[in-house]
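Open the model in your viewer and keep the selection tool at hand. The tour below says what to select next and what is there.

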Amino acid sequence: MIALASLTDTADKIVTNFGVDWPMFIAQSVNFTLVALAIWFFAFKKILSTINEREKQIADSLKNADRIKLELEETQLKQKDTLNEASLEAKKTINKAQEKAKSLLEAQKEEARLEAEAIIAKAKSAMELERQNVLKDAREEIASLVVLATSKVLDRELNDDERKRFTQQAEKYVQQQ
Amino acid sequence: MNSITDLIRKEIETLSVDASRSNVGKVTMLADGVARVEGLSKVMYNEMVEFPNDVLGIALNLEEDSVGCVLLGDTSSLKEGDDAKTTGKLLSVPVGMELLGRVVDAAGRPIDGKGPIEAKEEYSVERIAPGIIPRKSVDQPLQTGIMAVDSMIPIGRGQRELIIGDRSTGKTTIAIDTIINQAKINKQGEQSGNKDFRPVYCIYVAVGQKNSNVARTIKVLEETGAMEYVTIVSAPAADNPANQYLAPYAGCAMGEWFMENGRDALIVYDDLSKHAVAYRQISLILKRPSGREAYPGDVFYLHSRLLERSARLNEDNGNGSLTALPIIETQMGDVSGYIPTNVISITDGQIFLETDLFNKGIRPAVSVGLSVSRVGSAAQIKAYKKVAGKVKLELAQFRELAAFSQFESDLDTATKARLDRGARIVEMFKQTAFNPIPVEVQTAIMWGMQNDFFDSIDVDKISEAVTSLKDYLSAQGKEVCNEIYQSGKLEESTEQNLRSALEDWKRTFA
Amino acid sequence: MSSSNKVFKVAQVLLNQSIGDNGRIDSDKVSAILSELRENPPAKHIEILKRFGFLVRRHMSSYQVSLEFKGGDGSEIASNLSKKSFIDENASEVQAVDCPSLIAGFRVKVGDDVYEDSIANRLNNVRKALL
């Protein structure tokens, strides 16, 4: 009790010496608490939530950035594959076209050869036809000449008896209609 | 020269020379290719009469006091008072396979400068048509290669199908396309080695045509390689009317040889209007009484006896056929004229070509409403029947609805769909000249149309699409086309192959 | 049509008047008819004359036989042909004419029928066969 009383005395002395004004102190404490509460409710909370949000956003962005990086890598791989495929297809098409061109060339060569043969055959047959026509004309001329010559010769050479004999022969073979 | 004298000597040795017996007359009048002869008491109707300088005539008018003969050939050397002699023969023309690839006149004499025709047989120009018993109904298709015709107005072997229209509407083009298609099919069939394959041989009779037109036709046939299956009988406008009158009968005789020897033939008469005009000229000069439009009274018989000779014979009579495509030219679209109505009543259907459609760019300008084939789908392969069955109806509906197409925004979906489909079908049927399409390719194209492959393509791009599809089918789609050609049917597997082929094509068609 | 019937009838009457007792055309009667027509021409007398001429020719061709020959005697040939019943010598008027162009043989024409067996004809047939 004495200690306590001495402590209290000391405290009183300290307070007296250092000037703690208990009513003031309590009033100040109350003020401080009120202000602190006001600040906490109207400002601090919002600030904290904003800070939290910002932190979250930053964290998300970082995550997205990673994901985008991954996707970019994948896309680049796909692009490469597509280009490879396309170039393969192009190569195939070029090969096909080249083959087709080759076969077309061969076909055209064959066509030209056949056409040349056809022209030659046509010319040959035209010549043959010409020859046949000439022979036909010659044959007709010769036949006409032969008949003309025969008739002239017979007219001159046959005597009356021979003519009579022919006529009698002709009479013999007459048949009634 | 030795060969000639040997030939002559041989002929003289084998010659049997008898006395000659003939019935004679004297020419009392000569005008416009007709001679009036007094005498000839024993001449018979249609008998050949011989005049001086190897001029022949045919006795057409047997009157009490004279005989009227139409003269064939050059008559400038004849005069009044000349003698005329009967020959005891009817006018005959050479017939047989030797005539293929040749151009001849109405008497069967070659005029192409390729030498004489070594025919083994001769048929007389006027013959009696087959009766009822030897005939069989038409059941084999004759593919013209023209989609508009093969799908909606199919022609069969042994049918008579009239091609009628105004001048410059594409009548001859349809006939020539048909001939070219037969040649293509013949070549394909011969290469396939199929023993049951029956080629179709063609005869084109040009009556009263310009020489330049005939020359152009010959050129087209030669360029397309069709000439080796064709005989051309030419009686151009410059020929005397007797030749123009006889040419169709001569051509028919040549076609009958094929029919009676178990083969199939196609004959085109281009055109019968000029034939009727030539007959009218002869009749008027022979002073026969004239009737409507100055035509003689038997102008119906003129064409009926010609067209009745085209028939399909049954197996007992060789199983051959002669298909006729007569062509008639109308004036100002008047199908109710004398000659057109006559021939329409004789034939088994008509393909009517309209000038309006032609001018609109729809070529071939076939009027679907007025055209008909009385043989119908009996002359179509099963595959084609399946895809083409509804087309005529769809086009008819399209025509009905087309009047409302200006109110397109107010129409319901079903009507719009019909209009779209109809417009696409009209575009699909457009075809360039001398470009017949094989039946299997036609089937594939129509199948594509029926299965909506063309619905996403603009109407004005349909022609291009059809051409592109045609090219695709001739190259990459050969297998599926062969399947259709060989089987003649559209099995499920074929349809699947067709679907994948068309899908492939559509991807490449931008 | 009735006018041509009249012409035909008149011409037929004239023909009947031109036939003599032997059933053949009498040239005197024909001359008389022609001079009568000249003096008194009827209507359409040219048509009548043409028709009359045709009827006379036709009637004459029924009994006239023209025989052209070379080598032998005309009347002998005619009687030989008659014996073979090829022609009726008694009923017909046979006009036998020497025709050097035949070279040898004969040509007989009865109405419109012509029968010829001569060297010229045989040579002509040879020529036709060789062409």
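Start with Glu293 of chain B. Glu293(B) is exposed, with 11 other C-beta atoms within 10 Å. Glu293(B) sits in the loop between H6 and helix H7 (299-307) of chain B. Its phi is near 55°, a positive value in a residue other than glycine. Most residues other than glycine have a negative phi, and most peptide bonds are trans.

Before going on, some ground rules. This is a predicted model, in which local features need pLDDT of at least 70 and side-chain atom pairs count only at pLDDT 80 or more, while totals for chains, interfaces and linings use all residues. Residues are numbered from 1 along each chain as its sequence is written, and chains are lettered from A and ligands numbered from 1 in the order in which they are written. Helices (H or I, at least four residues) and strands (E, at least two) are DSSP runs, numbered from the N terminus.

**Other backbone points in chain B**

Select Asn53(B), in the loop between strand S3 (47-51) and S4 of chain B. Asn53(B) also has a positive phi, near 60°. Is Asn53(B) buried or exposed? Asn53(B) is exposed, with 12 other C-beta atoms within 10 Å.

Next, select Asp270(B) and Asp271(B), which are joined by a cis peptide bond with omega about -10°. Asp271(B) is in the loop between strand S15 (264-270) and helix H6 (272-285) of chain B. Then go to Arg363(B) and Pro364(B), where a cis peptide bond has omega about 10°. Pro364(B) belongs to the loop between helix H9 (355-360) and strand S18 (372-373) of chain B.

**The whole of chain B**

Chain B has 16 helices and 18 strands. Why can chain B be called as compact as a globular protein of that length? The radius of gyration of chain B is 26 Å, close to the 24 Å that the globule rule gives for 510 residues, so chain B is as compact as a globular protein of that length. The radius is taken over C-alpha atoms, and the rule is 2.2 Å times the number of residues to the power 0.38. Of the 510 residues, 47% count as buried.

Select the open sheet of 8 strands in chain B, in the order S8-S14-S13-S15-S16-S12-S17-S18, with mixed pairing. Two strands pair if DSSP finds at least two bridges between them. The edge strands are strand S8 (103-104) and S18 of chain B, each pairing on one side only.

Zoom in on strand S13 (residues 200-207) and strand S14 (residues 230-235) of chain B, which pair in the parallel sense over 6 bridges. Tyr204(B) has Ile232(B) in S14(B) as its bridge partner.

Helix H8 (residues 338-346) of chain B lies across strand S12 (162-165), strand S16 (321-329) and strand S17 (349-353), at about 160° to S16(B). Axes are lines fitted to C-alpha atoms, for helices over the stretch in contact, and angles run from 0 to 180 degrees between N-to-C directions. Contact between two residues means that their C-beta atoms, placed from the backbone, lie within 7 Å.

**Where chain C meets chain B**

Now show chain C as well. Here 14 residues of chain C are in contact with 17 residues of chain B. Strand S4 (113-118) and helix H5 (119-130) of chain C each supply at least two residues of the side that touches chain B. H5(C) gives the most to that side, with 6 residues.

Which way do strand S1 (residues 20-31) of chain B and S4(C) run? They run antiparallel, joined by 4 bridges. Select Arg21(B) to find Tyr115(C) of S4(C) opposite.

**Where chain C meets chain A**

Last, show chain A. This contact takes 22 residues from chain C and 20 residues from chain A. H5(C) gives the most to the side of chain C that touches chain A, with 6 residues.

Notes:
Buried ≥ 20, exposed ≤ 12 C-beta atoms within 10 Å, placed from the backbone.
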